[in-house]
Amino acid sequence: MKHIQPVACLFFLLGFSIVAIPQEMRPAQPLTLQQAVERALANYPALQIQRYEIEQALGLKTTAGLLPNPVLSYYKENLNLSGQKGGEEIFSAGLPLDFLWNRWSQVNAANAQVEASNLALANVQRLVKFEVQKAFVECYFFAQSYEPWQKAAAVFRQAATAGKIRLTDGDISGYEQQRIALEQQRYQKAAGEAQVEFINSRRRLAFLLDPTQSEVQFEPASDFQTPATELNLEKLLAHALQNRPDLQAARAISRSKQAALSAAKWQRLPAASVSAGYKKQADDFKGAVIQV
């Protein structure tokens, strides 16, 4: 029994140490830039909100394109005067005429709104992709900077330990040992700051990948390339004005508002409808009827 308790304590301490390991120290999964962009585009809330707005715009487009339902009516009249009876019956079907000048303008406005919503989604995707790429590169270079500082701090930590031993043996002076200890503290401080920058950059990237799991551990892989490109201001401006999704979305929104304004102008016309049916009177007069 005396030997069992120390063994049990040893297993307890070992299990506790495994649980208490900081999450930053656990093994990190490799992550490529392409994987980071794909995860962000799949999970970022702003993209989901914009996709919902596209669904709303598509619903309005469907509603704007619907044809009006016909109106079926039945009218009956029973009259009586001194024993004489009279009256009539009318069956008719009517259809509003407003859609002839309102529908096409409403459909144009709805199409423009769908186009603007799709371009707005492309713009949000562009911004998210840019932020992920930026955060990924920063995280990668902070990781590359963190490792050399850790190695340098380890070297100076060993030098400081050796300096204490040599000071005891009388091989170096106290001044030299203090200088070694000071340098060890300086490198240790720099290594700690590099570690904090690396952890923070990794958390920023993790938040972009999935805001609900900002503590997921990964190791950015060096699979990206940064080729040097020739910069020409005029070409860059022309390309941006033609292809930037935010400018395209702004132009589409302008077209949508113009179409909505045109639809509102057509709605100033008075309501109109036409109906046709069959009429039969008590005196047996009967025939077709039409109303506009």
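Predicted model: local features only at pLDDT ≥ 70, side-chain atom pairs only at ≥ 80, totals over all residues.
Residues are numbered from 1 along each chain as its sequence is written, and side-chain values use heavy atoms, with hydrogens and water left out.

Which residue forms a salt bridge with Arg 126? I found Asp 246, with the closest N and O atoms 3.7 Å apart. A salt bridge is a side-chain nitrogen of Lys or Arg within 4 Å of a carboxyl oxygen of Asp or Glu. The pair links distant parts of the chain, 120 residues apart: Arg 126 sits in helix 4 and Asp 246 in helix 7 (residues 245–266). Helices (H or I, at least four residues) and strands (E, at least two) are DSSP runs, numbered from the N terminus. Asp 246 is partly exposed too, at 21% relative accessibility.

I noted four salt bridges in the structure. In one of them, the side chains of Glu 88 and Lys 279 meet at 2.7 Å, N to O. That pair also joins distant parts of the chain, with Glu 88 in strand 3 and Lys 279 in strand 5, 191 residues apart. Is Glu 88 buried or exposed? Glu 88 is buried, with a relative accessible area of 15%.

Next I checked Glu 193 and Lys 189, whose closest N and O atoms are 2.5 Å apart in a salt bridge. They are separated by about one helical turn, because they lie four residues apart in helix 5 (residues 174–209).

**The sheet**

I then traced an open sheet of four strands, in the order 2-3-5-6, with antiparallel pairing. Two strands pair if DSSP finds at least two bridges between them. Strand 2 (residues 71–81) and strand 3 (residues 84–96) pair over 11 bridges, and Tyr 74 has Phe 91 in strand 3 as its bridge partner. Strand 5 (residues 273–281) and strand 6 pair over six bridges.

**Helix 4**

How many residues does helix 4 have? I read 71, and the helix reaches 102 Å from its first C-alpha to its last. Gly 170 follows helix 4, with a positive phi near 85°.

Definitions and conventions
Expected span 1.5 Å × (residues − 1). Buried < 20%, exposed > 50% of the residue type's maximum accessible area, 1.4 Å probe, protein only.
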